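Please look at the structure shown here. The questions and answers below go through a sheet and a pocket.

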Amino acid sequence: MPVDIGRPLVIGCGALARELVALTRRAGVPEMDLTCLPTTLHNRPERIPAAVRARIRRARAEGRQHVFVAYADCGTGGLLDRVLEDEGVERLEGAHCYEVYAGPAAFAAMAEEELGTFYLTDFLVRNFDRLVVRGLGLDRHPELLPMYFGNYRRLVYLSQVEDRALVAAGRRAARRLGLIFEHRHTGLGAFAASLSQPAAAASEPAAAAPGAVSL
């Protein structure tokens, strides 16, 4: 399918793919294209800046003028921001997706309430065994659990959809890690707001056309 280079391109984190697809296809949202980088980068934040730079430059080579990055800092320690400054591209505001979902004020309140908090989203609940248990080697070396989670007291599941099965899975994850479980439903409100403004600004000079998703 030919690329409509006039439409803004959102380069997203694979861990946000479900939510990004839902948001970019909402009624009233400016037409935009979406591409998501591999979810494995969620556990390898040091690789995010180079991967994002490569995708931005590919977009520029295609003739794209309007690009937005649907990543927060995501553990890159400011390195992603250096890339984006070089490339002239904006990103989601916030330190990580938990802050994006909850909103800055609500997340700051949770952090102040209990610094020792481990957060999960819908994506992380669905992929808990793969990304947390096996990803950290806890299935092979359970003795590492105190090393990774000894300073945590609670697990907060920030849910984007209302799903009892996911809440139950989040509760099991907390038990697996020996943490107090809390569930707070965020929906997509704060995320939608943080995505819609720059995407709308980028799309102003673009002609409306059917969307295309590349995942």
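Two strands pair if DSSP finds at least two bridges between them. Helices (H or I, at least four residues) and strands (E, at least two) are DSSP runs, numbered from the N terminus. This is a predicted model, in which local features need pLDDT of at least 70 and side-chain atom pairs count only at pLDDT 80 or more, while totals for chains, interfaces and linings use all residues. Residues are numbered from 1 along each chain as its sequence is written, and side-chain values use heavy atoms, with hydrogens and water left out.

Q: In β6, which residue is the bridge partner of threonine 117?
A: β5 and β6 pair in the parallel sense over four bridges. Phenylalanine 118 has leucine 155 of β6 as its bridge partner. For threonine 117, the partner in β6 is arginine 154.

Q: How many bridges join β6 to strand β7?
A: β7 covers residues 180-185 and runs parallel to β6. The number of bridges joining β6 to β7 is six.

Q: What is the order of the strands in the open sheet of three strands?
A: Strands of a sheet pair through backbone hydrogen bonds, either parallel or antiparallel. Here the pairing is parallel. β5 and β7 each have a single partner strand, so they stand at the edges, with one side of each left without a neighbour in the sheet. The order is β5-β6-β7.

Q: Why is strand β6 largely enclosed by the rest of the structure?
A: Buried means under 20% relative accessible area (exposed is over 50%, partly exposed in between; 1.4 Å probe, protein chains only). Arg154, Val156 and Leu158 on one side of β6 are buried, and so are Leu155, Tyr157 and Ser159 on the other. Strand β6 (residues 154-159) is largely enclosed because the number of its six residues that are buried is six.

Q: Which element gives the largest share of the lining of the largest pocket?
A: A pocket is an open set of points on a 1 Å grid over the protein atoms alone, where a 1.4 Å probe fits, with protein on both sides within 12 Å along at least five of seven lines; lining residues have an atom within 4 Å of a point. The largest pocket is lined by 22 residues, and among those nearest its centre are His42 and Phe118. The largest share of this lining, three residues, comes from β5.
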